[in-house]
Amino acid sequence: MYEIRIHSRGGQGGVTAAKLLALAAFRDGKHATAFPFYGTERRGAPVVSFVRIDDEPIKVYSQIHEPDLVIVLDTSIMDVVDVLDGLKTDGTVLLNSAHPITGCNGACRYVDLTGIALAENLVVAGSPILNTPVIGALAKMGIVTLPSAEKAIREMFSDERNVKAARAAYEELKI
Amino acid sequence: MSAIPKEEYLYKCTSACAGCSSSLCLRYVLKAAGPDSVLVIPACCTSVIQGTYPGTAMSVPVYNVAFAASAACASGMSEAFAAMGRETNVIVYAGDGGTVDIGIQALSGAFERGTNFLYICYDNEAYGNTGMQRSGATPLGARTTTTPGGKPTTKKDLDRIVEAHNPPYMATACSAYPLDLYKKVKKALSIEGPKFIHVLAPCPPGWRYPTEKTVEMGKLAVKTGTWILYEREYGKLTINGPSKAAMRKPAPLEDYIRGQGRFKNVSPEILNLMRQQVQQNIERLSREEAGVC
Amino acid sequence: MLTIATGNKAVAAAVKAAKPGVIAAYPITPQTEIVEQIADYVAGGDLESRYIPVESEHSAMAACIGASVGGVRTFTATSSHGLLYMHEMVHWAAGARLPIVMANVNRALGPGWNIWAEHTDAFSQRDTGWLQVFVGTVQEAYDATLMAFKVAEDERVLLPLMVNLDGFALSHITQSLETVDIGDFLPPYHLPHAIDTENPLGYGPVTGPADYVRFRWDIERSMRDARGVIAEVEREFAERFGRSYGPTEDYRCEDADVIVVAMGTLGKEAEVAIDRLRDAGIKAGSMRLRWFRPFPDLDLAGREVVVIDRDYSFGFGGVVAHAIRSKTGIEPYSVIAGLGGQEVTYNDIADFVRNRRPGTETWFGVSDHV
């Protein structure tokens, strides 16, 4: 079972990113579950979402305490939340950042999702949409396949720019 | 009176108290509504009047529902009939406690949603079914079992609350004027949407007057201007015949008060306040009808 | 069709397939997504129902009562305080023998305000005469909601039915969902005592003790008959759609020395704990209790039992533990865990089994209790 924890702020699309990722994995023929940890819903508050992907049906409902992958959609959260908490020793971190960030152990990857979203003008209510480009980055990392990522995005969003953003992230992420 | 059908939908020998004016009202309501009608009733005097299982005193379906729930239940029933393409009348027949107190939230909701039904509140100004405790509709000064010294506050103005929902039709009526009530029910049922009729229903044991005076008591309520008969169609007010004269020159309030044990020992100060209220009400409605605001 | 959905969306999809004539509902977290989705179906013309946006849950159930006796299939959804606010009408719906289906998204009760999973809300309606089923997956939320209409509307039952799913843990989790073309699985709604102005009846008038007792017994008789009806409907569902359910979902119970009894998502999480325990040489199994009313006969003879209660009856104990004790005579190890959405992992459940002390009760996460 591959376990992913996504850190974001309310309104940034972390919850939707989890659903998209689960759908993409599902289109790959895998079993997947996605769920957010909901506090009271407020814009801007730190939000955690979880995704599990496995070849077998998933029966676990508890939160992910030892993730294989941590995704940080907003690195400012790292000042208030220990995003690396419980990360497996061989685990991976994916940051929405144009630059590497020091103090990030494990295999740390970064890609400028915000820049990609802005380049495609994917902005809703003043916020860049990060949930579709991040799926492209995850496809590059081999979590899901790129065709399934694109299929999932098209199932959930009609705007083709979302697929373009995912492809851009796929291209930009260095492995 | 010849316009009123001979068919009876409320059978004789109900469990009503002698001199019960609310069952008199119900008789005319059902004559106006006819057989393709359903009564929804919360806990109220009519819960008892309808008789006990397995009997029923009515020849239309009667749906008994919990005290606070009649307007909401009627909402569901009305929507079900609409979904089935049926035009059956859905009529709530509820007492004042079930309307102005515990049922007012459901009433407000149903009117706001535009439910197609007729809500009739028969108002005997207290919880009659449980032995005359005060309700929000009990008038100032009236003695009940829970206001043994007379009610210190005034009657809740239900009509202005309902009016605030802008229903297509609302009216007041009184058991002493059955033809007026009959016509109002007929008119209400010809209109789509939420309709409301507020009927004053004097109660011999509750108000403490002899049973044979039940019609007279209703007439006095109107003649003294204590109860004003009117209709509001799409907001437009029309004062009805009997009240037109009464509002111009109301009979002395004492004529109405004197015959009722519940107002015994009302102080001159309270009586004065009651008089002021009647006058204010008359003036407010007269001004509105005349278009002077 | 194969897709992904949350538990809430799965319930809404089943309701869409069942085509109720009237849906009356009031929003409450974490159920709101159900009624929002249904309102969307109705507004978009995907579901030809009358949607009544009531002003309270009391009115939601009252409207369902009026609509159900009026002659159409009805549905509502609620949670927690909403369920408690409609309590009077919950009783009324059962007493009036109306096959209303309600989704209850299990949530804790205030104070303090808590929006997360707990079963106390549903158990507080235990004695109302409603059938109650608890589901453990998104797919099961869909399947159970579809079957609910068929069970409730069966003339041998004619009682309302509550489909329970854990707040957030199931209502908001995204899993795979296979929706089906239900065909004629659900017969047209037929209520023998629907309002008929050609045959006017008095419904629920003052009823003397002798008749009242007979009406109450009739509810119990139907509750007992419901066991067979549920089995029939679940069998037909399996034949038509290939997914089978029973009164419990048993996992590795055959040769188990100790069985974990739990409900909802904790019952699924327990299966993972069982695998871990088996790997460590402990012969454990799990039994996820699906039906709570009517309460099924459980085959637990000769086993040790660990009951996880996501609820509590103050001054007495866990509601499920009490039911197990009185139904089987077995003194279980009673674990109170998961209240107010408390995090309970499969490792925790495995620990409950390892550290079991039959005949005692423990509160998970409360270190100083005895």
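Predicted model: local features only at pLDDT ≥ 70, side-chain atom pairs only at ≥ 80, totals over all residues.
Residues are numbered from 1 along each chain as its sequence is written, chains are lettered from A and ligands numbered from 1 in the order in which they are written, and side-chain values use heavy atoms, with hydrogens and water left out.

**Exercise 1. Work out how many residues of chain A and chain C are in contact, and what area they bury.**

Step 1: Start with contacts, meaning heavy atoms within 4.5 Å. On this count, 18 residues of chain A touch 27 residues of chain C.

Step 2: Now take buried area, the accessible area (1.4 Å probe) that two parts lose on being put together, summed over both. For chains A and C that comes to about 2,000 Å², with 61% from carbon and sulfur atoms.

Step 3: Phe26(A), Lys59(A) and Tyr61(A) supply 38% of the area chain A buries against chain C, more than any other three residues.

**Exercise 2. Find the salt bridge between chain A and chain C, then say which element of chain A gives the most to this side.**

Step 1: Search for a side-chain nitrogen of Lys or Arg within 4 Å of a carboxyl oxygen of Asp or Glu, which is what a salt bridge is. The count here is one.

Step 2: Name the partners: Lys59(A) and Glu271(C), at 2.7 Å from N to O.

Step 3: Turn to helices (H or I, at least four residues) and strands (E, at least two), which are DSSP runs numbered from the N terminus. Two elements of chain A, α1 (14-27) and β2 (31-37), each give two or more residues to the side touching chain C. β2(A) gives the most, with six residues.

**Exercise 3. Describe how chain C and chain B meet, including any strand pairing.**

Step 1: Count again: 38 residues of chain C are in contact with 38 of chain B. Together the two chains bury about 2,900 Å², 65% of it on carbon and sulfur atoms.

Step 2: Check the salt bridges, of which there are two. One of them links Arg50(C) to Glu79(B), with the closest N and O atoms 2.7 Å apart.

Step 3: Look at the strands, which pair if DSSP finds at least two bridges between them. Strand β2 (residues 62-64) of chain B runs parallel to β9(C), joined by two bridges. Within this pairing, Tyr63(B) sits opposite Tyr203(C).
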